[in-house]
Amino acid sequence: MTVPDFHKAQFSLCEENPFRLTPPGAQARLNADRHSSTNKSANSTTEQNYPDPSFSSIISALKEAFSQRKAQGFAFLELTNSELMLIKKSIFVTVFACLAAFAVGTVCWLILNIAIGALLHSMGVHYVIVPLVLLAINVLTAFGLFRLAQNAFGYISFHRLVQTWRRVFA
């Protein structure tokens, strides 16, 4: 058996698929068929025998492919689980922020309003301006807590999870 010289190999387009190149062994058989009328021994010397894989190597390749696919599936499940955990934590943060906004609003209304009202009254501020100042303070506090709850509520969505599934399955 002679070893083919791959430095001198020339590839020609395959007839059945123009985007696939013929391997050197097939090209050697084509050239041998063309020159078979001149030299019968050229066909036997240029024909290359490709190794025939053993049953154990095929089984090991299939096991490796299966383990890689299994690892890919577990990675996908972990990614899906992390997205679900993010949604769950966002729900808890939103509920906690709403409860905190209610509690802080109540405490602010009771303590801060009484203290500021008493301070403004002792300074001699007109009785019409005192409730307006208290209302402005309450509105600013409620707006800040509403923005916190709105930011956390933005993460309660299955959109990110659906986008992840689309990237994996598309």
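Of the 170 residues in the protein, 16% are buried, where buried means under 20% relative accessible area, exposed means over 50%, and partly exposed lies in between (1.4 Å probe, protein chains only). The structure is a predicted model, in which local features need pLDDT of at least 70 and side-chain atom pairs count only at pLDDT 80 or more, while totals for chains, interfaces and linings use all residues. Residues are numbered from 1 along each chain as its sequence is written, and side-chain values use heavy atoms, with hydrogens and water left out.

## Overall build and confidence

The protein has five helices and zero strands, and its elements, read from the N terminus on, run α-α-α-α-α. Helices (H or I, at least four residues) and strands (E, at least two) are DSSP runs, numbered from the N terminus. A contact means heavy atoms within 4.5 Å, and among contacts in the protein between residues at least 6 apart in sequence, 56% join residues at least 24 apart.

The predictor's confidence in each residue is given by pLDDT, from 0 to 100. The mean pLDDT of the protein is 78, and 71% of its residues reach 70 or more. Confidence is highest in helix 3, at 88, and lowest in helix 2 (residues 41-46), at a mean of 48. Over residues 41-45 the pLDDT is below 50, and this stretch has three contacts in the model beyond near neighbours in sequence. Where pLDDT is low, the predicted coordinates should not be read in detail.

## The annotated regions

The unreviewed UniProt entry places the feature "transmembrane region" at residues 91-112 and 124-146; UniProt positions are given in the numbering used here, feature names are shortened, and annotations may be inferred rather than shown by experiment. In the model, residues 91-112 are 100% helix and 0% strand, with end C-alpha atoms 30 Å apart, whereas residues 124-146 are 78% helix and 0% strand, with end C-alpha atoms 33 Å apart.

Thr106 is found in helix 3 and counts as partly exposed, at 33% relative accessibility. Its side chain reaches the backbone oxygen of Phe102 at 2.8 Å, which can be read beside the definition of a polar contact (a pair of N or O atoms within 3.5 Å; within protein, one must be able to donate a hydrogen and the other to accept it, and residues adjacent in sequence count only if both atoms are side-chain atoms). Thr106 and Asn138 are 32 residues apart in sequence, and their C-alpha atoms are 10.0 Å apart in space.

The 25 residues of helix 4 should span 36 Å at 1.5 Å a residue, and its end C-alpha atoms are 36 Å apart, which agrees; the expected span is 1.5 Å times one less than the number of residues. In helix 4, Val130, Leu134, Leu145, Ala149 and Ala152 are buried, and what covers the buried residues of this helix includes helix 3.

Val125 is found in the loop between helix 3 and helix 4 (129-153), and it counts as partly exposed at 26% relative accessibility. Leu119, whose place is in helix 3, is also partly exposed, at 49%. The C-alpha atoms of Leu119 and Val130, eleven residues apart along the chain, are separated by 9.4 Å.

| Residue | Relative accessibility | Contacts |
|---|---|---|
| Val125 | 26%, partly exposed | Leu120 and Val130 |

Ser90 lies in helix 3, and the place of Glu83 is in helix 3 as well.

## The aromatic pair

A search of the whole structure finds one aromatic pair. Phe76 and Phe169 form this edge-to-face pair, with 5.2 Å centre to centre and 70 degrees between the planes. Because Phe76 lies in helix 3 (residues 55-123) and Phe169 in helix 5 (residues 159-169), the pair ties together parts that are 93 residues apart in sequence. Rings of Phe, Tyr and Trp (its six-membered ring) pair if their centres lie within 6.5 Å, and planes under 30 degrees apart count as stacked, over 60 as edge-to-face and the rest as tilted. Phe76 is buried, with a relative accessible area of 16%, whereas Phe169 counts as exposed, at 62% relative accessibility.

Methods
Lists of a residue's contacts leave out its neighbours within four places in sequence.
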